[in-house]
Amino acid sequence: MSERKPGEQDMVRRSRGEVERSSAGGRNRPTVRDSLLPAPAQGFGVTFAQIFRKVTTEQYPFEPKVTKPRYHGRHVLNRHPDGLEKCVGCELCAWACPADAIYVEGGDNTEDARFSPGERYGAVYQINYLRCIFCGLCIEACPTRSLTMSNDFELADDNRGDLIYTKEQLMAPLLPGMEQPPHPMRLGDDEKDYYLRVPGPSPAEAVSGEKV
C-alpha cells in the first residue's frame with residue numbers, strides 16, 4: 001500500500017461501496033451556492049416575504065391568554081376533602097429543586113392541633129419565584145401529591161419581596177364541606193384512610209388545577 005504525501009488531497013471515491021475521506025492536509029473545496037443572487041439580496045428576500053404574511057396579534061392583557069392543560073404555572077398546596085393539608089413537611093420538594101427556590105420547615109401534629117394526617121405537616125412553606133425555573137421536579141418528588149402546578153402565569157411584580165410566596169398564598173381555597181385546620185381527622189381514625197381510599201378526583205384538586 002503506497003504512502004500518501006503530506007498535503008496531497010484524496011479524491012472521494014464511491015466505487016465498490018467504499019468512500020475515502022480526504023486527508024488532514026487537504027484543502028476543503030468552496031461550498032457551491034444554490035442561488036445566483038448575492039447574499040444580501042437573499043437575506044432581504046426573506047424579510048420581504050414575511051411582510052405579506054398574516055400577523056398574529058394577541059390582545060393581552062385585555063384578552064387573557066389560554067394556556068395548555070399541562071402548563072407549569074404557579075404552585076398550589078392542595079388539601080384533603082375534609083380540609084386537612086396534604087403536605088407532610090418531608091422537604092423532598094426542597095431537596096429536588098435545582099434552583100434552591102423552595103424553603104420548608106416541618107412541624108409536629110398534636111391531637112389538639114392537627115393540620116395534616118400523620119405525624120408532621122409543613123409549618124413554614126415558601127417558594128421564591130425569583131429563582132424558580134418552573135421545571136416541575138418538585139412536583140415529581142412530592143409523595144402525597146400535595147404540591148402541584150396551576151395554569152396561573154401572571155407572577156410579575158415590581159417588588160422582589162412580594163415574589164416570595166408563603167404558605168398562606170399557596171394553599172388551595174376551602175371548598176364547601178371543608179373545615180379550616182387545625183381539626184381532627186374526619187375521613188378515618190388513621191392516616192392510611194386518607195391514602196388508601198377509593199381513587200377519585202377530590203374537590204380541592206379540581207379547583208387548584210393540579211396536573212399529573
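Tyrosine 60 is partly exposed, with 40% relative accessible area; partly exposed lies between buried, under 20%, and exposed, over 50% (1.4 Å probe, protein chains only). This is a predicted model, in which local features need pLDDT of at least 70, side-chain atom pairs count only at pLDDT 80 or more, and totals for chains, interfaces and linings use all residues. Residues are numbered from 1 along each chain as its sequence is written, and side-chain values use heavy atoms, with hydrogens and water left out. Ring pairs join Tyr60 to a cluster with Tyr71 and Phe153.

**Aromatic rings**

- The whole structure holds six aromatic pairs. Rings of Phe, Tyr and Trp (its six-membered ring) pair if their centres lie within 6.5 Å; planes under 30 degrees apart are stacked, over 60 edge-to-face, and the rest tilted.
- One of the pairs is tyrosine 60 with phenylalanine 153, which is tilted, at 6.1 Å centre to centre and 35 degrees between the planes.
- That pair links distant parts of the chain, 93 residues apart. Tyrosine 60 is in the loop between helix H1 (39-51) and S1, and phenylalanine 153 is in the loop between strand S4 (147-149) and strand S5 (164-165). Helices (H or I, at least four residues) and strands (E, at least two) are DSSP runs, numbered from the N terminus.
- Phenylalanine 153 is partly exposed, at 29% relative accessible area.
- Phenylalanine 153 also pairs with tyrosine 71: the ring centres are 6.2 Å apart and the planes stand at 80 degrees, so this pair is edge-to-face.
- Tyrosine 71, in the loop between H1 and S1, is 82 residues from phenylalanine 153. Tyrosine 71 is partly exposed, with a relative accessible area of 32%.

**First cysteine set and the largest cavity**

- On a 1 Å grid over the protein atoms alone, a cavity is a set of points where a 1.4 Å probe fits but cannot get out; lining residues have an atom within 4 Å of a point.
- The largest cavity holds about 110 Å³ of space. Grid points are joined across faces, edges and corners, and a volume is the space filled by probe spheres set on the points.
- Its lining has 15 residues, and Cys87, Cys90, Cys93, Tyr125 and Cys142 are the closest to its centre.
- By class, this lining has 10 nonpolar, three polar and two charged residues. Ala, Val, Leu, Ile, Met, Phe, Trp, Tyr, Cys and Pro count as nonpolar, Asp, Glu, Lys and Arg as charged, and the others, Gly among them, as polar.
- Cysteine 90 sits in the loop between strand S1 (75-77) and helix H2 (92-96). Cysteine 90 is partly exposed, at 36% relative accessibility.
- Cysteine 93 is in helix H2 and is buried, at 9% relative accessibility.
- Neighbours within four places in sequence aside, cysteine 93 is in contact (heavy atoms within 4.5 Å) with Ile102, Val104, Tyr125, Cys138, Ala141 and Leu147.

- The lining of the second largest cavity has 10 nonpolar, two polar and no charged residues.
- Cysteine 97 lies in the loop between H2 and strand S2 (102-108) and is buried, at 17% relative accessible area.
- Cysteine 135 is in the loop between strand S3 (120-128) and helix H3 (137-141). Cysteine 135 is partly exposed, with a relative accessible area of 36%.
- Residues up to four places away in sequence aside, cysteine 135 touches His72 and Pro98.

Key:
1 Å grid on protein atoms, 1.4 Å probe; cavity = no way out; pocket = protein on both sides within 12 Å on 5 of 7 lines; lining within 4 Å.
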